[in-house]
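Work through the exercises below with the sequence and the model at hand. Each task is followed by a solution in steps.

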Amino acid sequence: MSLKKQYLIANWKMELLPKEERALLEKLPLVLKKKKKSLKVIVCPSFVSLVSATQIKKYSSAIFDVGAQDCHWEERGAYTGEISAKALVSLGCRYVLIGHSERRVHNNEDETVLRNKLQAAFNARLQPIFCIGETRDDRTNGKTLSRLRQQLSSAFSNCTMKRNQLICIAYEPVWSIGSGTPLNADDLTKEIQFIKEWLTTHLSSHPHVVLYGGSVDERSVSNYLSPKTGIDGLLVGSASQSVKRLSKIVSLMSLS
Ligand code: PGA
């Protein structure tokens, strides 16, 4: 990673109860005490804890941002159980995960849905973190880069964005998420370069950051900190869900 801003996104998924999420949020001042300034930490709790998270952010000394794990594509309407990007912004969220493979798989989110969600987030001034990645089969069949190209072009084709809108991509090989097997830091340069080149070619007027996610933990985090990898940060799931592990990751990222 370079000297510029680095990102750490903590995705708590549906792993914790509200009281557990609250306990973790209340420890953030301690967890982030040694955080270097250029490390941007974005915590993505479940929907039910977003209010706690934005309140704690407002009244504590911890410097972090709050992200949601999903949003709907419409601004408002008869969509029982859904939450709009605009509602998230009104709560104080600044980020939203879109296209996470768990939602692509378990909620059948197809390319049209994802494109619409991405647009809704941009319209609401909510910064999307758009997740892409290949399956094990794609990788075995040499189709990793074509899968990434397809996911990027389908999501961003005809997308309307404000000038200078940041594009934030999380590259997460589907087979590595939650598997305990991260993609080796030395092996991801090709994919990261490919994504960056695609963004430079097709969305040239927009700045971008590209993160890696998939089974990163406190033991492997240091491997990703070399500028050689080309990544701008990490999206961490299970290893971000305890005070001890999250503190370790923040300290290691703050050393680099
Ligand atoms: P993991 O999850 O770190 O538990 O593999 C990553 C993710 O949420 O994408």
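**Exercise 1: a helix pair**

Helix α8 (residues 144–156) packs with helix α9 (residues 189–202) at an angle of about 35°, and their axes are 10 Å apart. The model is a predicted one, in which local features need pLDDT of at least 70 and side-chain atom pairs count only at pLDDT 80 or more, while totals for chains, interfaces and linings use all residues. Residues are numbered from 1 along each chain as its sequence is written.

Task: state the handedness of the crossing of α8 and α9, and find which residues make the contact.

Step 1. Helices are DSSP runs of H or I with at least four residues, strands are runs of E with at least two, and both are numbered from the N terminus. Axes are lines fitted to C-alpha atoms, for helices over the stretch in contact, and angles run from 0 to 180 degrees between N-to-C directions.

Step 2. The crossing of α8 and α9 is right-handed; this term applies if the near helix is turned clockwise from the far one by less than a right angle, and left-handed applies if anticlockwise.

Step 3. From α8, the contact takes in T144, L145, L148, R149, L152 and F156; from α9 come E191, F194, I195, W198 and H202. Two residues are in contact if their C-beta atoms, placed from the backbone, lie within 7 Å.

Step 4. Sorted by class, the contact of α8 with α9 holds seven nonpolar, two polar and two charged residues. Here Ala, Val, Leu, Ile, Met, Phe, Trp, Tyr, Cys and Pro count as nonpolar, Asp, Glu, Lys and Arg as charged, and the others, Gly among them, as polar.

**Exercise 2: burial**

Task: decide whether H202, E74, S61 and V216 are buried, exposed or partly exposed.

Step 1. A residue is buried if 20 or more other C-beta atoms lie within 10 Å of its own, exposed if 12 or fewer, and partly exposed in between, with C-beta atoms placed from the backbone.

Step 2. H202, in helix α9, has 14 other C-beta atoms within 10 Å and is therefore partly exposed.

Step 3. E74 sits in the loop between β3 (65–68) and α4 (85–91). E74 is partly exposed because it has 15 C-beta neighbours inside 10 Å. Apart from neighbours within four places in sequence, E74 contacts Y79, S84 and A120. H202 and E74 are 128 residues apart in sequence and 26 Å apart in space, C-alpha to C-alpha.

Step 4. S61 belongs to the loop between α3 (50–59) and β3. S61 is exposed, because 8 other C-beta atoms lie within 10 Å.

Step 5. V216 lies in the loop between β7 (208–213) and β8 (233–236). V216 has 26 C-beta neighbours inside 10 Å, so it counts as buried. Not counting residues up to four places away in sequence, V216 touches P182, V221, Y224, L234, V236 and A239. The C-alpha atoms of V216 and L234, 18 residues apart along the chain, are separated by 7.8 Å.

**Exercise 3: positive phi**

Task: locate K13 and N158, and give the phi of K13 and of N158.

Step 1. Most residues other than glycine have a negative phi.

Step 2. K13, in the loop between β1 (6–11) and α1 (18–26), has a positive phi of about 50° although it is not a glycine. K13 has 17 other C-beta atoms within 10 Å and so is partly exposed.

Step 3. N158, in the loop between α8 and β6 (167–171), has a positive phi near 60° and is also a residue other than glycine. With 6 other C-beta atoms within 10 Å, N158 is exposed.

**Exercise 4: the ligand shell**

Task: which residues come nearest to the ligand, and how do the residues of the shell divide by class?

Step 1. A residue is near a molecule if its C-beta atom, placed from the backbone, lies within 6 Å of it.

Step 2. Around the ligand there are 13 residues, of which N11, G213, S215, G237 and S238 come nearest.

Step 3. The shell divides into five nonpolar, seven polar and one charged residue.
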